[in-house]
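Here is a short note for a colleague who is opening this structure for the first time. Please read the points with the structure in view.

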Amino acid sequence: GIQCYCDSGYSGGDCSVPNTPAPSNFTEEFTNDPTKLLWSKIVGFTLGTACGTLSSGQGAVFNKGGLRTAETADLDTINADEIIFSIVIGSSSTASTTCRRSTSTGNSVLVQYSTDASITWTTITTYSQYSYTLQRVTVMIPTP
């Protein structure tokens, strides 16, 4: 018969059982470099308060050129209903040198999820690049 080999960290007949259960939640204060335990990919940023203090401590300021993304490590959202985070996108001031306004289209922030190891993504909501006001956001997680 055919024998399947699971990716590292998974087992079971269809390779869908993680060897270590994924967390159902996490908190990131960005006091140090983001940990690989919480993020599978986070690029194009510096840590700081260039756009103000969001809730406490520093934030991830996505101010570098090229791809800018923050992708969490796998989360078990079976018993979760929402994602809560703080966000501010740029500044309405043209004089600000630390928190610049977006000057090009396509710099909106997409909140997306994947159920197939980042192969395909579904957008839950989009935040306009012109959303300058600090917001504490609650996004409902769609039910499967």
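**Notes on the structure**

1. Start with the sulfur link. Cys6 and Cys15 are joined by a disulfide, with 2.1 Å from S to S. The model is a predicted one. The count of disulfides comes to 1. The link of Cys6 and Cys15 is left-handed, with -80° about the S-S bond.

2. Are the two linked cysteines buried or exposed, or in between? Cys6 counts as partly exposed, at 28% relative accessibility. Cys15 counts as partly exposed too, at 21% relative accessibility. The cut-off matters here: buried means under 20%.

3. Cys15 sits in the loop between strand E1 (10–11) and strand E2 (17–18). Its phi is near 60°, a positive value in a residue other than glycine. Most residues other than glycine have a negative phi.

4. A disulfide needs the sulfur atoms within 2.5 Å. Cys4 counts as exposed, at 58% relative accessibility.

5. Next, the overall make-up. The protein chain has 0 helices and 10 strands. Read from the N terminus, the elements run β-β-β-β-β-β-β-β-β-β. The protein chain has 144 residues, and 18% of them count as buried. Its accessible surface comes to about 10100 Å². Carbon and sulfur atoms hold 51% of that surface.

6. Which residues make up the largest nonpolar core? There are 6 residues in all: Ile87, Ile89, Val111, Tyr127, Val137 and Val139. Apart from that core lies another, of 5 residues, with Phe30, Leu38, Ile42 and Phe45 among them. In soluble globular proteins, nonpolar side chains tend to be buried together.

7. Tyr127 is placed in strand E9 (residues 122–127). Tyr127 is buried, with a relative accessible area of 12%. Set aside its neighbours within four places in sequence, and Tyr127 is in contact with Phe85, Ile89, Ser108, Val109, Val111, Gln135, Val137 and Val139. Val109 and Tyr127 are 18 residues apart in sequence, yet 5.0 Å apart in space, C-alpha to C-alpha.

8. Now the rings. The whole structure holds 1 aromatic pair. Phe85 and Tyr127 form that pair, and it is edge-to-face. Phe85 lies in strand E7 (residues 82–87) and Tyr127 in strand E9, so the pair ties together parts that are 42 residues apart in sequence.

9. The partners in the ring pair can also be compared by cover. Phe85 is partly exposed, with a relative accessible area of 22%, whereas Tyr127 is buried, at 12%.

Key: Residues numbered from 1 in each chain as written. Predicted model: local features only at pLDDT ≥ 70, side-chain atom pairs only at ≥ 80, totals over all residues. Heavy atoms only, no water. Core = buried A, V, L, I, M, F, W, Y, C linked by side-chain atoms within 4.5 Å. Buried < 20%, exposed > 50% of the residue type's maximum accessible area, 1.4 Å probe, protein only. Helix = DSSP H or I, 4+ residues; strand = E, 2+ residues; numbered from the N terminus. Areas by Shrake-Rupley, 256 points an atom, 1.4 Å probe, with all protein chains shown as cover. Contact = heavy atoms within 4.5 Å. Phe/Tyr/Trp six-rings, centres within 6.5 Å; stacked < 30°, edge-to-face > 60°.
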